[in-house]
Amino acid sequence: MAKILSQKFYDEMKKLEPRYPNKVALLLPALHSAQDETGWISPEVMEEVGAYIGIHPSQVREVASFYTMYNLKPVGRYHLKMCTNVACCLRGADELVHHVEKKYGIRCGETTPDRKLTLNEEECLGACGTAPAMMLNNDYHENLTTESLDRLLDGLE
Amino acid sequence: MAEIQTEQNETLFIQHFREESRPLGYYLREMAGYTALKKAFGMSSDEIIGEMKKSNLRGRGGAGFPTGMKWGFIPKQSAKPKYLVCNADESEPGTFKDRDIMRYTPHVLIEGMVIGGFAIGAHSGYIYIRGEYVREAKLLNDAIDEAYAKGYLGKNILGSGFDFDLTVHRGAGAYICGEETALLNSLEGKRGEPRVKPPFPAISGAFAGPTIVNNVETLAAVPFIINKGGDWFAKLGRLEKSGGTRLIGVSGHVKKPGLYELPSGGITLRQLIYDHCGGVLGDKKLKAVIPGGSSAPVLTADEIDVVYDIDPMMKIGSMLGSAAVMVVSEEMCVVRLLIRITKFYAHESCGQCTPCREGTRWMEDVLERIEHGSGREQDLNLLLDIADNINGKTLCALGDAAAGPVMSFVKKFRADFEAHIRSGKCPNA
């Protein structure tokens with residue numbers, strides 16, 4: 001089978017290997033790096049990661065499916081994760097989510113037909129003092145208002 | 001008396017919570033960086049643990065266990081390697097303090113971990129950081145690289161003969177991984193499911209070796225304790241068995257949300273909300289306070305004259321937890337709020353224990369129907385019954401964390417719940 005993951009992935013893993021007493025411990029870092037490259041954890045990625053670590057692909061799936069950050073289906077170029085937990089909810093997060101749903105005509109958990117944007121409701125992001133907060137791909141955006149959110153979203157290519 | 005006044009304002013961390021504080025140069029210059037480590041290398045393991053015990057530092061992750069005593073549980077001799085693990089999962093809703101330590105003063109955490117590793121005889125350390133803190137993980141890795149380059153990490157640190165490696169391990173979005181045995185499973189590349197205890201991690205933890213798991217703020221306090229002494233640290237606190245200062249995160253309906261650093265046990269919740277945080281947003285009436293992360297039993301507006309620390313909070317049937325205060329004004333429907341909390345625990349239940357897996361969802365369903373006008377008279381007792389069947393009956397504390405809010409909300413705001421059921425709708429809607 002042709003490899004999907006790049007040499008950079010394998011170099012990164014090689015560097016991490018001595019930090020752990022066994023290879024299985026590399027599974028979470030490996031899934032993070034793989035997802036950074038391919039955008040999601042496809043069955044093929046599970047197979048390749050499993051082969052590298054020396055475990056069955058189903059063991060990879062068992063772990064990957066436990067954690068919400070691993071995308072088990074493709075997501076849009078922009079992945080919006082909006083916190084709606086208590087602190088954000090008290091500061092108007094639900095209204096912001098509805099605003100985005102209306103703006104793009106999608107519901108939470110869905111991707112726009114042009115695959116530009118995926119919207120997810122997220123549990124607490126640990127930014128409660130600057131609520132409401134959300135992540136856009138890997139970046140935090142805090143103290144959100146409808147206006148600041150619109151400015152951010154309208155600027156996306 | 002003037003002297004005591006100045007002492008009252010002593011803070012360890014918060015004055016450094018700025019972008020400029022991050023580089024090693026700042027840490028060495030402004031925070032006596034890595035001088036505690038030099039001092040610790042001249043001390044025995046027992047001496048270090050002795051200072052930790054004297055400091056009355058109690059774990060800052062939520063359980064409040066005395067850190068020195070915890071370190072003392074590690075066996076001196078072990079055939080398996082020992083590990084020091086920093087719990088940087090920071091996933092209890094309302095909590096956002098460790099993030100600032102990691103992004104602004106990463107070296108104080110690194111130094112604390114090297115000292116901790118030296119004290120317990122561990123040569124490997126891991127910082128298990130929540131997956132969403134992508135930037136913080138990168139900043140930590142940059143700081144770790146700096147520390148390796150200057151000989152504060154790696155082989156023969158500062159010529160002491162002591163080796164210590166430190167690795168950042170990212171989680172991937174699971175609240176349960178803040179529970180220490182779930183965290184260890186996750187570190188080992190498994191599903192983050194809590195383990196049966198005993199054995200406790202101090203005997204068999206990461207990779208089956210003796211392991212200490214400490215919160216970020218706990219480990220970050222270590223260099224201060226070693227430099228200035230356990231007695232000095234203990235005196236920073238205002239209560240007998242609770243030393244140091246404490247980072248308190250305030251969010252929700254207050255005028256000035258954010259982080260505050262105050263002496264342990266130095267203020268009441270009322271002082272915190274009205275004197276430090278400027279009072280309730282829009283000068284509305286205070287409805288409720290969730291005082292220690294979302295798993296802490298809720299307090300009514302009449303219950304906030306309590307001293308905000310571990311023991312006094314426990315005495316009134318709630319908890320300080322991770323010192324995360326969420327303030328709720330009369331604008332918010334408490335049923336809706338409880339749904340939000342319960343939904344979270346239902347989502348985050350790992351599913352191992354039936355009472356938690358089934359009970360959290362069942363409670364969510366019952367609450368939803370109350371909020372949406374189809375609640376039944378017997379639903380409140382049903383909720384209490386389900387919560388009672390979860391509480392204390394699961395492997396880990398997530399079950400209790402889900403049950404506590406339900407029991408306290410229903411008991412303390414029963415009239416609000418009854419109004420929903422009677423009128424067949426949410427009175428706030």
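Tutor: The contact takes 31 residues from chain A and 48 residues from chain B, where two residues are in contact if their C-beta atoms, placed from the backbone, lie within 7 Å. The model is predicted: local features need pLDDT of at least 70, side-chain atom pairs count only at pLDDT 80 or more, and totals for chains, interfaces and linings use all residues. Residues are numbered from 1 along each chain as its sequence is written, while chains are lettered from A and ligands numbered from 1 in the order in which they are written.

On the side of chain B that touches chain A, at least two residues each come from strand E3 (165–170), helix H9 (180–187), strand E5 (245–252), strand E6 (258–263), strand E9 (324–329) and helix H14 (334–348) of chain B. Helices (H or I, at least four residues) and strands (E, at least two) are DSSP runs, numbered from the N terminus. H14(B) gives the largest share of this side, six residues. By class, the side of chain B that touches chain A holds 20 nonpolar, 17 polar and 11 charged residues; Ala, Val, Leu, Ile, Met, Phe, Trp, Tyr, Cys and Pro count as nonpolar, Asp, Glu, Lys and Arg as charged, and the others, Gly among them, as polar.

Chain B is divided into domain 1 (2–236), domain 2 (245–329) and domain 3 (334–423), with bounds from an automatic or database domain assignment.
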